[in-house]
Amino acid sequence: MPGPSTDSGHPLGYTFGNVVQEFLYDDDCDEALRTSVEKHTGQALVSEDFGDVADGALIWWRSEDAEEEDLADVLVDALANLDNGGLIWVLTPKPGRPGHVSPADIEAAATTTGLHSTSAISAGAEWAGIRLIARGRR
């Protein structure tokens, strides 16, 4: 296993030793982003069938995925293995690209599952990311 990255940090917030579970991987996913997560964590990404505790989740979500699944259901699946405080990123094609999903649609699914968005990033040439966290208790 490679040692920790000497970079100051990963744009998605993952750190060395984190286990990141990936959902809805397909051949259109950004391989450079996937590789950078693996480099920074020192761990291979684990599949959605992973049955242990994860520190984070990457969800590749496209408009056509909504025809077969509900994003809220995928978020529940991600939360099932997520360690307390784990990072969830929903990645969607950028606006104007095939498969783009509105941030409002992602926020609606997040609200349904007790999550809310905190930040957004450009996650490569074709993908944008929205970070989700659990709502604080009042």
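Predicted model: local features only at pLDDT ≥ 70, side-chain atom pairs only at ≥ 80, totals over all residues.

Q: What makes β3 and β5 a pair of strands?
A: Pairing asks for at least two bridges between two strands, and 6 bridges join β3 (residues 82-93) to β5 (residues 127-134), so the two strands count as paired. They run antiparallel, and within β5 the bridge partner of L91 is G129.

Q: Why is the contact of E22 with R34 called a salt bridge?
A: The side chains of E22 and R34 meet at 2.6 Å, N to O, and because the cut-off is within 4 Å, the contact qualifies as a salt bridge. E22 belongs to strand β1 (residues 20-23) and R34 to helix α1 (residues 31-41), so this pair ties together parts that are 12 residues apart in sequence. Both residues are buried, and E22, E31 and R34 are linked in a network of salt bridges.

Q: Why are R62 and D65 called buried, and what makes them a salt bridge?
A: Buried means under 20% relative accessible area; R62 has 4% and D65 has 15%, so both are called buried. Their closest N and O atoms are 2.9 Å apart, which is within 4 Å, and therefore the pair is a salt bridge.

Q: What makes R97 and E126 a salt bridge, and which parts does the pair tie together?
A: The side chains of R97 and E126 meet at 2.8 Å, N to O, which is within the 4 Å limit, so they form a salt bridge. R97 lies in the loop between β3 and α3 (103-112) and E126 in the loop between β4 and β5, so the pair ties together parts that are 29 residues apart in sequence.

Q: Why are R97 and E126 called partly exposed?
A: The relative accessible area is 30% for R97 and 40% for E126; buried would need under 20% and exposed over 50%, so both residues are partly exposed.

Q: How many salt bridges does this rule give?
A: The count comes to 5 salt bridges, among them the pair of R97 and E126.

Conventions:
Residues numbered from 1 in each chain as written. Heavy atoms only, no water. Helix = DSSP H or I, 4+ residues; strand = E, 2+ residues; numbered from the N terminus. Buried < 20%, exposed > 50% of the residue type's maximum accessible area, 1.4 Å probe, protein only.
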